[in-house]
Amino acid sequence: MEHIVGIVAEYNPFHNGHLYHLQKVKEMFPDSPIVLVLGGNFTQRGEVSLLDKWTKTKIALNYGIDLVVELPFPFAVASADIFAEGAMELLHHLGVTDFVFGSETDDIEGIKQLVEVQLHHPDFNSLVQVYLRMGYNYPTALSKSLEEITGHTYKLPNDILGISYVKAIKKNNYQIEPHTIKRTNDYHSKELKEISSATSIRQALKEKKDIKNSVSALTYYYLKKEELPTIDDYFLFLKYKIITNSNLTSYQLVDSGLETKIKKAILQSHTFDELINKVKSKNLTYARISRTLIYILCDFTKELAQKFKHVKYLRLLGFSQKGQKYLNTIKKELTIPLISKFTREKDPMLEYEYLVTKVYALVFSKEKSHKLIEEEYKMKPIRKEEKNETND
């Protein structure tokens, strides 16, 4: 049986750890097509992407990805479960047989057992509710419930995301086999090494440190060449929106209590970090509030969240010759549209993606902003030239 391998990433930015991950995938599945579901211009934890999705696609293709599809905003900027549901749904539609993700514990059997508990243990859901009533946030309530039932604890971000990936596969009965690769660095570490976390690289860039040894050559080229947005570049737009909006509860994740907190804190805050720290509490994580603020910024309402429960199309961002060959073999079997040009298929989620790009483009120079907006509806999927772009 031919293996079609799927991975999910944000590449914010693409670094040596990602390169290591790809090399390991190729060792596990030599000559198999590699399909990437790519998070776009805003990220899962409510951050902004340093490089836009088209640039990230070029980098991905350069280092051996064969097919890149976009994870739409409603899934890309979401809790682990929603993020994983969207990503696995796309991989399922693309006929992926094997899925590989980085994991701190590198224990796929342990993760599968935890998923069985989440899906089938009679006490699991009621235990989660008990911990929520005690004031814990949802990820902690999940983790504590699993620990109480199994005696195992999984608290690190890639393991948590891994549990969500495997759960989405099992719950939907997708014929995808999950595999793990041992994560070689600490997600929260701020120290720069040859293999560093994306968090530490972003921090180093902010502090004007040289990150050349921590990222791939092509990533370094683009990080030097492109304008790099920070989340605080969007802060005044967010502030204006919060101050002038009389009903923040229309936005996804905002209830009346959180609305009151945000409205009060915004007047004393001058950065995203300051605002989040004023609002966060035991039952509201930093990441959840950060995502919520991105929802307000990007006009992502509860109504849209209800409407966008499933991915209705495959947005193709780029492909290699091998990727194109594979696409040609599955095109006729696809049950949702494959979109390679924006105007071909009108879809409300695609229209919303265009709005998100216009928000992302707000903080760039006139030329770059115009280019980003135009690319959203004019750009065709990037075709990998069979040469090494790092010489550009």
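Student: How much space lies in the second largest pocket?
Tutor: Happy to start there, and keep in mind that this is a predicted model. The second largest pocket is lined by 30 residues. The space in this pocket comes to about 540 Å³.

Student: Which element gives the most to the lining of the second largest pocket?
Tutor: Good one! Elements that each supply at least two residues include α3, α5 (108-120), α8 (157-171) and α15 (302-307). The top contribution is 6 residues, and it comes from α4.

Student: How many cavities of 30 Å³ or more does the structure hold, and how much space lies in the largest cavity?
Tutor: Counting those of 30 Å³ or more, there are 2 cavities. In the largest cavity, the space is about 70 Å³.

Student: Which element gives the most to the lining of the largest cavity?
Tutor: The lining includes F42, K53, F73, E353, V356 and T357. At least two lining residues each come from β3 (67-71), α3 (73-76) and α17 (348-360). With 3 residues, the element that gives the most is α17.

Student: How do the residues of that lining divide into nonpolar, polar and charged?
Tutor: Among the lining residues are G40, N41, E70, L71, P72 and A76. For the largest cavity, the lining divides into 6 nonpolar, 3 polar and 3 charged.

Note on methods: Residues are numbered from 1 along each chain as its sequence is written. This is a predicted model: local features need pLDDT of at least 70, side-chain atom pairs count only at pLDDT 80 or more; totals for chains, interfaces and linings use all residues. Side-chain values use heavy atoms; hydrogens and water are left out. On a 1 Å grid over the protein atoms alone, a cavity is a set of points where a 1.4 Å probe fits but cannot get out, and a pocket is an open set with protein on both sides within 12 Å along at least five of seven lines; lining residues have an atom within 4 Å of a point. Grid points are joined across faces, edges and corners, and a volume is the space filled by probe spheres set on the points. Helices (H or I, at least four residues) and strands (E, at least two) are DSSP runs, numbered from the N terminus. Ala, Val, Leu, Ile, Met, Phe, Trp, Tyr, Cys and Pro count as nonpolar, Asp, Glu, Lys and Arg as charged, and the others, Gly among them, as polar.
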